[in-house]
There are 4 protein chains.
Amino acid sequence: MHSKLGAETTNGDGFGIGWYDATPAPGVFRSIEPAWNDQNLRELAGHISSHLFFAHIRAAIGSAVQQTNCHPFRHGRWLFMHNGFIDGFAAIKRDLVLAVDESLFPEIKGQADTEVLFCLALTFGLDDDPPGAVARAIGLVEARGRVRGVEYPFQGTIATTDGETLWVFRYSSAGKSRSLFFTRDVPSLRQQYPDREVLREVSDDARLVVSEPMGDLPGAWIEMPEASCGIVSKGDDRLLPFTPEPPQKAR
Amino acid sequence: MHSKLGAETTNGDGFGIGWYDATPAPGVFRSIEPAWNDQNLRELAGHISSHLFFAHIRAAIGSAVQQTNCHPFRHGRWLFMHNGFIDGFAAIKRDLVLAVDESLFPEIKGQADTEVLFCLALTFGLDDDPPGAVARAIGLVEARGRVRGVEYPFQGTIATTDGETLWVFRYSSAGKSRSLFFTRDVPSLRQQYPDREVLREVSDDARLVVSEPMGDLPGAWIEMPEASCGIVSKGDDRLLPFTPEPPQKAR
Amino acid sequence: MHSKLGAETTNGDGFGIGWYDATPAPGVFRSIEPAWNDQNLRELAGHISSHLFFAHIRAAIGSAVQQTNCHPFRHGRWLFMHNGFIDGFAAIKRDLVLAVDESLFPEIKGQADTEVLFCLALTFGLDDDPPGAVARAIGLVEARGRVRGVEYPFQGTIATTDGETLWVFRYSSAGKSRSLFFTRDVPSLRQQYPDREVLREVSDDARLVVSEPMGDLPGAWIEMPEASCGIVSKGDDRLLPFTPEPPQKAR
Amino acid sequence: MHSKLGAETTNGDGFGIGWYDATPAPGVFRSIEPAWNDQNLRELAGHISSHLFFAHIRAAIGSAVQQTNCHPFRHGRWLFMHNGFIDGFAAIKRDLVLAVDESLFPEIKGQADTEVLFCLALTFGLDDDPPGAVARAIGLVEARGRVRGVEYPFQGTIATTDGETLWVFRYSSAGKSRSLFFTRDVPSLRQQYPDREVLREVSDDARLVVSEPMGDLPGAWIEMPEASCGIVSKGDDRLLPFTPEPPQKAR
């Protein structure tokens with residue numbers, strides 16, 4: 001309702017959650033109502049538990065408020081979501097959609113730029129090399145955008161997962177990316193806040209990655225650097241630089 | 001979409017599911033869209049498992065299509081749903097609502113006759129004696145209805161549960177109640193259909209209670225008799241006659 | 001999205017419009033989505049014209065986001081809407097609902113305090129004496145609230161109309177009412193802003209009454225005083241003091 | 001709810017209406033709820049009047065229940081709707097979308113085959129030659145479908161209008177098209193039913209074109225022949241044969 005760091009301070013145009021359990025593909029629940037008063041969201045939040053979940057609230061800028069435009073998007077075991085936009089998307093959508101693998105084309109169900117970006121990442125090898133695939137997808141967006149006269153074609157943070165590992169990205173063509181924060185490792189947090197019950201309830205490798213800090217633990221949040229990619233997996237995490245890969249290199 | 005035994009052959013005015021898990025109160029998911037194409041329902045059906053669940057599809061007759069009118073209704077650990085109606089409800093609603101315990105009054109969130117019936121049953125002791133409480137609730141409906149000149153005030157089947165035991169009712173003032181079926185005990189079904197995989201996957205005391213038979217197992221379904229109450233609990237079930245209890249007896 | 005004077009800065013829990021045309025009863029369109037991206041609202045705004053219309057955006061505080069809770073409420077030729085709340089409504093709802101005329105009781109379709117307030121005003125003579133009926137309705141709310149220990153039972157501004165005359169109220173038990181503004185008479189505005197096209201397009205007796213000033217005409221808006229009632233009708237308007245009428249006087 | 005002649009007997013997956021008034025572009029109202037209980041539809045039906053309106057109820061076969069998939073579709077002054085489907089649409093959607101004029105590409109907001117068909121018709125000259133444009137659009141669908149091994153690519157009836165003239169089509173690749181009926185001219189109907197009030201209220205050139213006959217006037221309805229195009233304009237109407245135009249001829 002009142003985002004402090006976001007470009008859109010009100011995110012009331014629908015929302016979505018994705019979560020993993022014993023079934024092969026993640027579950028996804030999406031709604032076109034604001035999250036703040038959605039009764040079903042409260043119910044599900046109280047009755048679903050998962051070792052890994054995604055949650056996204058939406059501020060529609062141009063495209064329709066409909067479930068097929070709500071993040072996270074899913075393909076097989078993959079979830080994908082994005083806080084940002086492709087500038088000049090209407091002008092380059094056709095070019096981008098043509099670059100999507102033909103087998104994935106019928107999977108495009110909504111109008112959202114993020115869904116197309118996800119399909120591009122899948123086309124460019126998300127299954128095998130997530131950072132490379134996202135670099136090639138954004139590289140194509142930047143190349144096609146610039147051809148059409150868009151100065152800064154890409155803006156945003158991205159999170160994607162196969163249910164085991166989490167990849168997050170912070171990047172924008174203009175070098176002024178939307179915010180992204182992650183939590184310090186839990187053992188350090190426990191030392192810092194020895195009296196906090198919640199920190200004893202979560203496991204050593206629990207992590208939150210968020211667009212802006214929540215709660216009341218100063219010092220718990222670390223800001224992702226500009227143009228970086230973070231990888232979180234069981235017992236291991238890394239922070240790497242991120243650069244889009246222009247299309248000539250991609251093929 | 002095509003009910004064969006129901007009074008309304010199309011039940012597309014929203015739906016609801018309720019289920020029990022480790023948390024004290026059951027989860028409830030309700031939607032105002034037809035169940036047949038609700039994407040979220042498919043997701044939840046694939047990702048929630050429970051030892052006991054309720055599902056209801058709605059054909060609105062007069063009241064609004066809104067989540068607060070969708071069954072099942074919940075109070076604490078209780079779920080309650082109903083296939084039928086209170087005849088002349090608009091005329092006797094005020095009388096009935098006045099009979100609801102004052103502490104429950106603010107819990108009435110929708111317009112549905114069933115929600116009022118549930119609150120009456122809670123008022124009349126659902127926690128301690130479900131068949132008696134339902135008998136007193138319907139007894140009051142019949143008494144108040146007849147005062148207002150309604151010949152057959154109550155029609156329908158009811159299911160209610162506390163998460164452990166299931167109580168189902170089939171009754172109508174006119175003696176022509178809507179249909180209700182339950183499955184024969186699983187060991188008998190396994191003997192009858194030795195090759196059916198599904199029957200090996202379910203436990204000995206699994207039960208389905210439905211408004212009309214589903215699937216392709218002739219002989220699997222037993223019709224509840226008119227004016228009866230069925231009780232299903234772990235390792236035990238009973239079928240009893242059911243008679244509403246007029247209000248003079250109830251107080 | 002960003003109310004400056006309202007208690008709730010985000011009003012995204014549905015909205016409603018009501019308008020008058022040649023048919024006897026006004027039309028009402030209500031939606032549970034935020035007004036800011038509702039496609040149907042844009043369509044209707046571009047295709048319906050009326051000499052008198054109501055518009056309301058909602059911030060739900062406790063009650064469900066459903067069309068039957070959206071203002072404006074309608075009865076016959078009357079529309080009624082409210083910016084505010086009845087404090088402790090859950091505790092006194094039963095008392096208030098019992099005071100509603102029995103013939104109106106079945107008309108209550110939602111959970112909103114405003115719908116009950118409207119039914120009370122109708123019960124207490126809205127048709128014949130709108131200021132008196134509203135005074136008696138709020139008087140009852142205050143009396144019943146105080147019995148239940150609520151210090152300031154009523155807060156808000158109200159607008160109601162029969163399609164000919166508009167009655168607006170600003171009142172709160174605490175004497176700190178939500179804001180209400182109306183536009184200065186059009187001839188004066190034209191003198192003040194001789195170059196404004198829009199002022200030449202509207203008739204001499206056009207009026208806007210709003211919760212907070214809009215647009216860019218400083219000096220166009222006059223604040224309704226605390227505890228007052230404004231009446232706007234063809235070629236005549238009045239501003240009167242408003243005092244609730246306690247129930248002992250009402251009967 | 002109970003279509004007698006349609007392929008889908010229940011059409012509860014949203015609906016839409018379009019109407020013309022003094023503003024240049026038609027108004028469109030769309031909803032994802034079943035038409036039968038949509039409160040807003042009743043309101044609008046009672047308060048909007050127009051010399052020409054479209055109404056469509058939807059049975060979703062595969063694509064999402066969302067407003068951007070609801071007919072009628074609009075572009076400028078044009079409305080377009082369709083009862084039927086493009087067989088194998090997932091397989092040929094990419095081919096078809098590529099044939100849409102680049103300037104129209106960003107206008108595609110939903111997933112519906114009909115929206116793509118409409119964009120193809122606009123690309124192929126709907127503005128200047130509606131029957132020719134529709135013939136070329138369906139011709140392309142058939143050609144692309146057959147390349148992909150679809151035996152009967154097109155099925156359905158189409159209605160389109162610019163607000164002045166109405167063009168309706170009945171055609172299917174298999175020669176077994178969905179039904180389409182129109183009303184006999186009003187003067188003949190008045191002669192046949194001299195006592196019917198409604199026939200005195202409508203003008204001489206009033207026309208209804210519907211998927212299946214309604215009401216209780218036997219003899220009022222004429223079935224459109226297979227592979228035909230009907231044109232209704234002020235004081236004139238024609239019934240012509242219709243044949244799709246294969247793409248080699250179209251360019």
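Predicted model: local features only at pLDDT ≥ 70, side-chain atom pairs only at ≥ 80, totals over all residues.
Residues are numbered from 1 along each chain as its sequence is written, with chains lettered from A and ligands numbered from 1 in the order in which they are written.

**Chain B against chain A**

- Chain B and chain A each put 19 residues into the contact, which is defined by heavy atoms within 4.5 Å.
- The copies meet through the same surface, because 100% of the interface residues of chain B are also interface residues in chain A.
- About 1,300 Å² is buried between chain B and chain A, and carbon and sulfur atoms give 43% of it; buried area here is the accessible area (1.4 Å probe) that two parts lose on being put together, summed over both.
- Asn40(B), Glu43(B) and His47(B) supply 42% of the area that chain B buries against chain A, more than any other three residues.
- The rule finds 2 salt bridges across this interface, taking a side-chain nitrogen of Lys or Arg within 4 Å of a carboxyl oxygen of Asp or Glu.
- Arg74(B) forms a salt bridge with Glu43(A), with the closest N and O atoms 2.6 Å apart.
- There are also 14 residue pairs in polar contact between chain B and chain A, both residues at pLDDT 80 or more. A polar contact is a pair of N or O atoms within 3.5 Å; within protein, one must be able to donate a hydrogen and the other to accept it, and residues adjacent in sequence count only if both atoms are side-chain atoms.
- On the side of chain B that touches chain A, strand E2 (27-31) and helix H1 (39-47) are the elements that give two or more residues; helices (H or I, at least four residues) and strands (E, at least two) are DSSP runs, numbered from the N terminus.
- H1(B) makes the largest share of that side, with 6 residues.

**Chain A against chain D**

- Chain A goes onto chain D by a rotation of 180° with 0.0 Å of shift along the axis, again at RMSD 0.0 Å.
- Both copies use the same surface here, as 100% of the contact residues of chain A recur in chain D.
- This contact takes 16 residues from chain A and 16 residues from chain D.
- Chain A and chain D bury about 1,500 Å² between them, 57% of it on carbon and sulfur atoms.
- The polar side of the story comes to 4 salt bridges and 6 residue pairs in polar contact, both at pLDDT 80 or more.
- Arg94(D) and Glu102(A) meet through their side chains in a salt bridge, at 3.4 Å from N to O.

**Aromatic pairs**

- Over all chains, a search of the whole structure turns up 26 aromatic pairs. Rings of Phe, Tyr and Trp (its six-membered ring) pair if their centres lie within 6.5 Å; planes under 30 degrees apart count as stacked, over 60 as edge-to-face and the rest as tilted.
- Phe169(A) and Phe242(A) form an edge-to-face pair, 5.3 Å centre to centre with 70° between the planes.
- Phe169(A) lies in strand E7 (residues 166-172) of chain A and Phe242(A) in the loop between strand E12 (236-241) and helix H7 (247-250) of chain A, so the pair ties together parts that are 73 residues apart in sequence.

Methods:
Heavy atoms only, no water. Least-squares fit on C-alpha atoms with pLDDT ≥ 70 in both.
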